[in-house]
Every structure is written in C-alpha cells, then in structure tokens.
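This briefing covers the overall build of one chain and some local features of the model. Please keep the sequence and the structure in view while reading.

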2 protein chains.
Amino acid sequence: MVRELDFDTYLKELRVQIEALLPTVVQPLASPATLKDSMMYSLTAGGKRLRPLLIFSTLEAFEKDKMMGIEAACAVEMIHTYSLIHDDLPSMDNDDLRRGKPTNHKVFGEAMAILAGDALLTNSFDVLVSSTHPDVTDAMKVRLVSTLATCAGAEGMVGGQVADMEGEGQPLTLSELEYIHHHKTGKLLSFCVTAGAILAGATAFQIEKLQEFSSNLGLAFQIRDDILDIEGDEATLGKPIGSDTDNNKTTYPSLLGMEAAKQKLDDHIDHALQALEASGIYSDRLKELCLYVGKRQN
Amino acid sequence: MVRELDFDTYLKELRVQIEALLPTVVQPLASPATLKDSMMYSLTAGGKRLRPLLIFSTLEAFEKDKMMGIEAACAVEMIHTYSLIHDDLPSMDNDDLRRGKPTNHKVFGEAMAILAGDALLTNSFDVLVSSTHPDVTDAMKVRLVSTLATCAGAEGMVGGQVADMEGEGQPLTLSELEYIHHHKTGKLLSFCVTAGAILAGATAFQIEKLQEFSSNLGLAFQIRDDILDIEGDEATLGKPIGSDTDNNKTTYPSLLGMEAAKQKLDDHIDHALQALEASGIYSDRLKELCLYVGKRQN
C-alpha cells in the first residue's frame, strides 16, 4: 500500500513517476525540433513537483485511483514551467540561471523561449482533457479546463505576476504582499486540490475547504521561502541566500520581522490543517505535505 | 433572413456583433487594471474578424443556430490577438505599428505585452467552454478544447511561427513556404471550420472536407497577401506596400513569379470550392467567403 510508505519515500516515488511522464506529453508532438527541445529542456529540469503531488495526494485522500489525475498533473507542470520560462525573460526578471542551469532564453534565445512557453501553455489544455480513464467524464474535463484557465490566467497566476511587477521597488503592505502570493503561487496550488476534488466527485463544501487549505499552504510556502532566503543553508538550498535583501524586495520577514514571520507561517499551517479537518476527507498525506512545506530546507 | 443579405452587409453585420461581444469576455475579469487595459487594447483593435466569420458561416451552412458558436468565436479571436501581440515583440518581428496603431509593447511595455498575451491565451480556454446554449454538450466542449490546443500549439500556429523564424533570411522552397503558412495561418482557420462542424454534429467525412476547404482557403489568403504587398493600393490596404521585397522575404510571387502565383491562388480557391461541394453541406456563405478571400483588396 502506497499509504504505508514514509513521507520522504512517498515524495520521491511520485516525483520519479511524474518525471517519467512529462517527456511523453511533448516527445510525440509533430513540431519543429528546436521548439520541442526548448519545451523539453525546461519541462524536465527538475523541481519539487509539488503541484502534481497535491493532485495525487488529494485523489488519495478521497481513496480514488491516482491514475485519474495523471493528465491534470502533467498539464499543471506544463503551466508552471511556461510561467518560469516567461518570468526569467530579459524584460521580466532577467534571470540567467534556474535550478543551477542556464535559463531557457540563455540556451535557445529570447524568441524561442517565448514560443516554447506559449506552446507549453497551449498544449497543456490538450493534455488536460486527454484522459481515457473510465471514471473521468466529459463534465469533469470541462470543469478542469475552466478551473485551470481561471487559476492560471488574468484572475490568477498571470494577474499575480502583473501585481508583482507593478509592486517592484516599492514598499508593500501586508495585504498587497498577500495579493501577489495568493495569485502568483496560490491559485495554481488551488487548481491542484480542486482538480483532485473534481475528479474525486467531492462536494462543493469539500472543494471550498480544500481551497482554504491550499490557499494557506501557498502563503506558508512563500513565507518559508522568504525565511530560507535569510536563514537557509546555501548548499542544501542549491542557490545563494540574501537575494531578496539585495534586491530590496518586500518579504514577510522584512515587513513583519523574523519572529512574527515565523509565527505567521505557523498560523497558516494551523489554518490549513483546520480546513483539511473540516473537509472531512481522509488526509494523512495532505497533512504530511502541509507539515513538510512548513519545515522544508530547500 | 440573414441568408438573404448581400455578402458585404453580412460581413459587416457579423463584425459588428463580434466587436460588441469581445469586450464582454475581458471586462468582467477580476485582475489588475493595467493587464485588462493591455488585453483590451489589442483585442478591440479591429481586423477582418475572418475567424469568427468562418465559425458562424459553417454553423449557418449546417442550418444551425449561430449563437452556438459565440464562445468559440471569442476564444479564437483571443488566440489570434495574443499571437499578434507576441509576434510584434522586439525579440520577434519588432514591429512598432499594427493596423495603424502602436503595437501593444509600445504602449504597455514589453513585460506587460508578454503577460497580456499569456492571459488572452489562457483565458480563451475558459471562454471556449463557457457556453450555456442547450445544444452545446460537454462532449463537444472537450473536442473544441483539444482541437483549439492542437491547432494553436506546437503542432499548429506556434510551430508555424517557429518555422517562419528559423527560415528568416534564407531562400525557401515552395514546400517550406507552404509548411509555414499552413501552420502559422491555416491551422487556426482549420480550427474555425472544425469548431463549427463539431457544434453542428457533422460527420467525420464532412469535417475532413471542411479542413481541406480551410487549408486551401488559408493558402489562398496568404498568396493574396503576398500579391497585395506588390500590387495593392496603399490607401485601401491601410499600410505601405513592398515590405516583403524590402525584407528579402520569400513569397509566392518571389518564388514562382507573379503570373504563376496568381494561378496558384486560383487553384487553391478552386480546390477549396471543390472540397466544400464534396462535403455536401449547404454553403453559399462559405462559397462567397472563399471568393472574397481570393479577390480582397485589403
């Protein structure tokens, strides 16, 4: 039984599975070779794969077949990957490195990086509706499309990126900071639990509680990120610390002080766990995932 | 009866309808104001609205309610608009003007133009599945999503844009030139007739014939474009002629000579009309649209 694995092994196994799946959605595409290389370069560049994990763990919490969520898991990683490619562009964050490797535009040029991002984004919707699992209905697929577009588009991730960009170099209030993270990161995490719940046939109340869970999880994730940028170990983290301070970025510790930021992280984790409890679904894995996010070292 | 209108009036009326619809898909979005302004700026900048016309005319050819295609029509214009915004970017075609107005990045900056394109692309999929028309089923919506993603993504429009970019400044063969136009322009036109046909409950044979129709229509459209760039009237065209020659671009006339290019245009129009005939659907409007594309002056 998967559920009896300890959490680290569980994480590792799911990661291996998703890493094996991702190339299979791009490799068969009949398209120019360079475009595929560029898409593949970023899609297979590693990462925590937190979003697929959330989908699989939600399905598991409902005691459903994890295989129902494979397409949504690939689709959300394609969306996440495209957003990183576009965020790294010279006119955006102008980053040369991502996870220790040259960014997409550094390898393939700016125009190809934009197009590879566009293709990952576009094709993710084909992947999302491609399930042939007998329990995945057309009605579910339509809801998944609408939810993903809303969470990733102008009202979600892209809206958050715009707010982040517009807030750059300015002191932000806590509510402005929360708006940015809630949209830029939180909305896509919200898609993941919602997708798992839609596929599992959850009630509207359960979906609402799971979204409350993921919303708090997203903010906790971000606060932990801000803390690690100050207190993290560069070797474990795999990147230099102190970049937020160097870039004069508003963070939870810069806004609230380190102690209050840590308290806020704990509060969000508590709130997430309460929402999970209230949803009434079996959720050991989601609880573990939540505690992992609060304590992660990288 | 709409069908009794002369073609020019029919075109004008459909354009007025689609122009009125487009703002309604962006205006209600809860997102940062600048993002919405940037999306709206390009979405409402005019154009031939050829893609919505194709959807509506296909539905009409099947004697179906045009209202079934409203969401697909808005979605395809969102996709077309995002592709123009990204194509105009400094790292791509670096264009300052589009339809006589400053391009999106000239008004809103490069980063916002990228994000407005991303948002139009993403949200188009939500619009696509949002129909509440009683005859539009979930199964149809799923097919529309898959068809749009395939036609617009790595195997379609984005793939064509990559091929176009990679062929720049090189002499192209006829088959390379056709690959580019077939993907960059043709695939999205193919989506339009396919979408109309899916919504109308067409047979697989009818869809195949309509795709043959749209594929030839797309190439005819492009050849006419190339011819107008040499023989067009700048005032009617609304842009300077001769830019292809100035940019040393491979075109049908540069490759085949003007007479053979005009013959090829006629051949594609004939082929399109034959495919339409073979599909066996009532199609006066599609015939007129086809003849219009072959003779258009702008």
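This is a predicted model: local features need pLDDT of at least 70, side-chain atom pairs count only at pLDDT 80 or more; totals for chains, interfaces and linings use all residues.

Residues are numbered from 1 along each chain as its sequence is written, chains are lettered from A and ligands numbered from 1 in the order in which they are written, and side-chain values use heavy atoms, with hydrogens and water left out.

**Chain A as a whole**

- Chain A contains 15 helices and two strands; helices (H or I, at least four residues) and strands (E, at least two) are DSSP runs, numbered from the N terminus.
- The radius of gyration of chain A is 19 Å, which agrees with the value near 19 Å for a compact globule of 298 residues. That radius is taken over C-alpha atoms, and the globule rule is 2.2 Å times the number of residues to the power 0.38.
- The C-alpha trace of chain A spans about 50 × 50 × 35 Å along its principal axes.
- Of the 298 residues in chain A, 58% are buried (under 20% relative accessible area, with exposed over 50% and partly exposed in between; 1.4 Å probe, protein chains only).
- Among the contacts in chain A (heavy atoms within 4.5 Å) with a separation of 6 or more, 72% join residues 24 or more positions apart.

**Surface and charge of chain A**

- Chain A exposes about 11,600 Å², and carbon and sulfur atoms supply 50% of that area. Accessible areas come from the Shrake-Rupley method with a 1.4 Å probe; for residues, only the protein chains shown count as cover.
- There are 27 positive and 44 negative side chains in chain A, and the centres of the two sets lie 3 Å apart. Lys and Arg count as positive and Asp and Glu as negative, without His and the chain ends; each charge is placed at NZ of Lys, CZ of Arg, CG of Asp or CD of Glu.

**Helix H15 of chain B**

- H15(B) has twelve residues and reaches 17 Å from its first C-alpha to its last, close to the expected 16 Å (1.5 Å times one less than its number of residues).
- The buried residues of H15(B) include Arg285(B), Leu286(B) and Tyr292(B), and the buried set packs against helices H1, H3, H10 and H14 of chain B.
- Leu289(B), in this helix, is buried at a relative accessible area of 1%.
- Beyond its neighbours within four places in sequence, Leu289(B) is in contact with Phe7(B), Leu11(B), Leu50(B), Leu54(B) and Ser57(B). Phe7(B) is 282 residues away along the chain, with 8.1 Å between the C-alpha atoms.

**Helix H2 of chain B**

- Eight of the eleven residues of H2(B) are buried, among them Lys36(B), Met39(B) and Met40(B).
- Cover for these buried residues includes helix H8 of chain A, together with H1, H4, S2, H5 and H6 of chain B.
- Met40(B) has a relative accessible area of 13%; leaving aside its neighbours within four places in sequence, Met40(B) is in contact with Pro23(B), Val26(B) and Gln27(B).

**Arg49 in both chains**

- Arg49(A) is in the loop between H2 and H3 of chain A, has a positive phi near 55° and is buried at 3% relative accessibility.
- Arg49(B) lies in the loop between H2 and H3 of chain B, with phi near 55° and 3% relative accessibility, so Arg49(B) counts as buried.
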